[in-house]
Amino acid sequence: NELSGGAKINRLFHERFPFEIVKMEFDEKELRREIAFAIRNIHGIRVGLFTPDMAFEAIVKKQINRLKEPCLKCVDLVVLELCNVVRICTERMNRYPRLREETERIITTYVRQREQLCKEQLVMLVDCELAYMNTNHEDFIGFANAQQSSENTNKTGRKLGNQVIRKGWMCIHNLGIMKGGSRDYWFVLTSENISWFKDEEEREKKYMLPLDGLKLRDVEQGFMSRRHTFALFNPEGR
């Protein structure tokens, strides 16, 4: 049993595409360095008291521009799945090979044409976002909104603690042959760390990883393996 074409496309939109967005990594130290240089270059020979808007736009535009790659990749994956659907559907016309070939060619050509237009629209949408950033929008958290939010939090006394985000079973797979293979553990993901226990009673903690500085990368699948595998690691080796 496996997912059909429509279900696979739905999965691409709601699972694969968000994963590609989250997977985009950036070096915080390098980002801070770029911000510092941008501020200095804009101030020039003058000594500024406040962070200039041009420095903010220069840094944010680089991050927005990075959205193009996962968007275009999502289009490629959807088009590939559509072509597979067309191929499967035309298998019912095997009795008429020339008709099947021509039908598949016409539909595939049309899909490819729409693919190019779709990519152009996506690139144009990102370019529009790059052309103007509305910092007065209610969803934009600027200094004023951040200060107001902080004051409201202090008044109400509610602060974000180590809140539990998700619990469940997950398999830890050791890549080394002599490390004991894979085993299921009970995971608890919080806003500060990820821990795993022997079972759902959460009495015997096996290990805990702080989320601060933690990175995520895909692990190559083994031969004939269809299980999605990923690795959590700290780039500083901690």
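Thr90 sits in the loop between α4 and α5 (helices here are DSSP runs of H or I, at least four residues, numbered from the N terminus). Thr90 counts as buried because its relative accessibility is 4%, where buried means under 20% relative accessible area, exposed over 50% and partly exposed in between, using a 1.4 Å probe and protein chains only. Keep in mind that this is a predicted model: local features need pLDDT of at least 70, side-chain atom pairs count only at pLDDT 80 or more, and totals for chains, interfaces and linings use all residues. Residues are numbered from 1 along each chain as its sequence is written, and side-chain values use heavy atoms, with hydrogens and water left out.

**Around Thr90**
- Skipping neighbours within four places in sequence, Thr90 is in contact with Arg100, Thr103 and Glu104 (contact means heavy atoms within 4.5 Å).

**How α4 and α5 pack**
- The angle between α4 and α5 is about 165°, and their axes are 10 Å apart (axes are lines fitted to C-alpha atoms over the stretch in contact, and angles run from 0 to 180 degrees between N-to-C directions).
- That makes α4 roughly antiparallel to α5, a label for angles over 145 degrees.

**Helix α3**
- Take α3 next: residues 53-65 make up this helix of 13 residues.
- Its buried residues are Ala55, Ile59 and Ile64.
- Looking down the axis of α3, these buried residues fall within an arc of 160°, so they line one face of the helix (the arc is that of the directions from the helix axis to the C-beta atoms).
- Over on the other side of α3, Asp53 and Met54 are exposed.
- The cover over the buried residues of α3 includes α2 (28-43), α4 (68-89) and α5 (97-131).

Note on methods
Helices (H or I, at least four residues) and strands (E, at least two) are DSSP runs, numbered from the N terminus. The expected span of a helix is 1.5 Å times one less than its number of residues. Angles under 35 degrees count as roughly parallel, over 145 as roughly antiparallel, 65 to 115 as roughly perpendicular and the rest as oblique.
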